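Work through the exercises below with the sequence and the structure at hand. Try each task before reading its solution.

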Amino acid sequence: MSELGELPGELVQRLGDVHSVGVITGAGVSVESGIRTYRGQGGLYDDPEEGERMVEALSSPTLLRDPDRTWRAVSSLARQVGTARPNVTHHELVRIEQKVDRFVLLTQNVDRLHHDAGSRNIIDIHGDIFATRCMSCGLVGRLEAEELQSLGRAPRCTECEGTLRPDAVLFGELLPHDKLARINEEFYELIPDLVIVAGTSALFPYITEPVLVARYSDKLTIEINPEPTMLSDRVDFTLRGPASRYLPLIAAALS
Ligand code: NAD
Ligand code: ZN
């Protein structure tokens, strides 16, 4: 049996006709780089108290009341991201981008591993943890990993001494307009031939809708996740297991 034998025959056949691909990723694709998810097995929410504390610290009310606490939480996430390197999944997505005519990657991850691997057309809808914005003058900047990992309190703006905030979407905040507009262009105005959703518990409408729209438009839809989600019964193919097992096969089957 060929290595592609792990994929259903009908799926392999349909992959041969794909020219444009949209991929949606969540924390699960970074597990094999050593970064914990929020939900699912081994996730932060397996310890509900720890999860609750993290969500509260990473929320907009806490940022306004006690920015030092928010930054200590971001700093602890940064220590987890630490020296993590992209894994097979991140690399295979770069390969897919190089193979097809049009490719877009919508990620909820804030770890920048898709960027590090070399993916180009990325919509990082939640931003990334290394980016900063001044709450007084609006200046945007970045922190080095070592600096972020050792922060004990909120950093200050080099221009105006104002308090910096993470330039990422915190719990309870709205998504950035420019990135929502890009989702619209890439997933709704031009629906990709194939939409893959991998490593996300798929709880938010901006994650599930692009998959459902593709499905109802007779495009090919695949979910890769070791655990079921609300999308599992609604996609054409559910591949139950780690993303690193299936993405090399999907990349190989694309013509
Ligand atoms: P989530 O934590 O809610 O869900 C993770 C999902 O990944 C689960 O469904 C789990 O079954 C699945 N999974 C676990 N291992 C997998 C593997 N090897 N292959 C494929 N799937 C696997 O993650 P989410 O849906 O991304 O939502 C969490 C939020 O937390 C996001 O908004 C994100 O910004 C943030 N977050 C980011 C990171 C990161 O950047 N790496 C890490 C944790 C949380
Ligand atoms: Zn400033």
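**Exercise 1.** Decide whether R112 is buried, partly exposed or exposed.

Solution. Step 1: recall the classes, where buried means under 20% relative accessible area, exposed over 50%, and partly exposed in between (1.4 Å probe, protein chains only). Step 2: R112 has 25% relative accessibility, so R112 counts as partly exposed. Step 3: find its place, the loop between β2 (102–107) and α6 (113–117). Helices (H or I, at least four residues) and strands (E, at least two) are DSSP runs, numbered from the N terminus. Step 4: check the backbone; R112 is not a glycine, yet its phi is positive, about 65 degrees.

The model is predicted: local features need pLDDT of at least 70, side-chain atom pairs count only at pLDDT 80 or more, and totals for chains, interfaces and linings use all residues. Residues are numbered from 1 along each chain as its sequence is written.

**Exercise 2.** What is the strand order of the open sheet of 3 strands?

Solution. Step 1: strands pair if DSSP finds at least two bridges between them. Step 2: β4 (residues 127–134) and β5 are antiparallel, with 3 bridges; in β5, V140 is the bridge partner of R133. Step 3: the order is β5-β4-β6, with antiparallel pairing. Step 4: β5 (140–142) and β6 (164–168) are the edge strands, each pairing on one side only.

Notes. Chains lettered and ligands numbered in written order. Heavy atoms only, no water.
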